[in-house]
Every structure is written in structure tokens, then in C-alpha cells.
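Welcome! Please take a moment to look over the sequence and the 3D view below before reading on.

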Amino acid sequence: MEQVETRELVDSYLKAFESQDVEGCLGFFDSDARVEWMMGTYSGRESIEEWHRDRFAAGLKILKVNGVNVQDSVVTLDVTVTSKRLSAWRMPSLGGRVTVELENGKIHRTKFAAKSINPQQNWS
């Protein structure tokens, strides 16, 4: 897969995510895909569907994509996210790195890792 196609696939997934289109999002994943999110791993279509529904219910939004790197079939994005859950913890946003691995034109694995944070940063 060429870099342009890889980037376009990930950009299309991000648009479906922004629209909270669960079925649209699921269409980007292969049948053996997994999502690694913070301390949990979601494998297979049902589990990844549940992950999307939970994130949308929590109001997860990508506020900003700070950088994108495409290396063969791996896309790395530095992002800033927000959600109702983060706000409840008095954190208006959280920076992180998303790594997306593609196989045969589908997402095979995606991983979100939060950047180091100071837990007292937003406490008053």
C-alpha cells in the first residue's frame, strides 16, 4: 500500500470517528483486528464495536492531530483528545500517540498511548 493510500485510509477512518459512525468505523477494521486503548485490549468485531460505542457515549473527540508519520503500512498520529470522562477528572484534554497498523488495506491493530502527564496539572 502506498503512503498516500495509507494516509487517506486513516483520514477516512478519522472522519467516520468524528461523525460517530460506528458501522462506518468498523468497515475500516479487518476481522482479526484489535484496539489497544490505555489499559484494555479489544479484539474482534464485537469488541471493537463495543469500544467505539463506549468512546462515543463518553464524548471522546479528537481535538487536534498534531503530527502524522507514515512509514510503509504504519501510521503514527500525535493527537489531543477530550471527553466527558476527562472533564470529570478536571482534565480538559489529553495528548497521546495513536499507532495504526494496516494489513491488506484494513486496520489490523491500533494503539493509543497517553503522553506523560502531571496528575496535578489541572487541579485547583
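The report below goes through the sheet, a helix and the aromatic rings.

## About the model

This is a predicted model, in which local features need pLDDT of at least 70 and side-chain atom pairs count only at pLDDT 80 or more, while totals for chains, interfaces and linings use all residues. Residues are numbered from 1 along each chain as its sequence is written, and side-chain values use heavy atoms, leaving out hydrogens and water.

Helices (H or I, at least four residues) and strands (E, at least two) are DSSP runs, numbered from the N terminus.

## The sheet

Let us begin with the strands. An open sheet is formed by 6 strands in the order β2-β1-β6-β5-β4-β3, with mixed pairing. Two strands pair if DSSP finds at least two bridges between them. At the edges stand β2 (40-43) and β3 (61-71), each with a single partner strand, so one side of each has no neighbour in the sheet. From one strand to the next, the twist averages 15 degrees.

Strands β5 (residues 94-103) and β6 (residues 106-114) pair in the antiparallel sense over 8 bridges. Leu102 has Ile107 in β6 as its bridge partner.

## Helix α3

α3 packs on the sheet, where it touches β1 (29-37) and β2; contact means heavy atoms within 4.5 Å. The direction of α3 makes about 45 degrees with that of β1. Axes here are lines fitted to C-alpha atoms, for helices over the stretch in contact, and angles run from 0 to 180 degrees between N-to-C directions.

Helix α3 (residues 44-57) has 14 residues and reaches 20 Å from its first C-alpha to its last, close to the expected 20 Å, a span defined as 1.5 Å times one less than the number of residues. Its buried residues include Ile48, Trp51 and Phe56, where buried means under 20% relative accessible area (1.4 Å probe, protein chains only). After α3 comes Gly59, with a positive phi near 75 degrees.

## Aromatic rings

How many aromatic pairs does a search of the whole structure find? The search finds 7. Rings of Phe, Tyr and Trp (its six-membered ring) pair if their centres lie within 6.5 Å; planes under 30 degrees apart count as stacked, over 60 as edge-to-face and the rest as tilted. Tyr13 and Phe28 have ring centres 6.0 Å apart and planes at 80 degrees, so this pair is edge-to-face. Both Tyr13 and Phe28 are buried.

Phe17 and Trp51 form a tilted pair, 6.2 Å centre to centre with 40 degrees between the planes. Phe17 lies in helix α1 and Trp51 in helix α3, so the pair ties together parts that are 34 residues apart in sequence.

Conventions:
Buried < 20%, exposed > 50% of the residue type's maximum accessible area, 1.4 Å probe, protein only.
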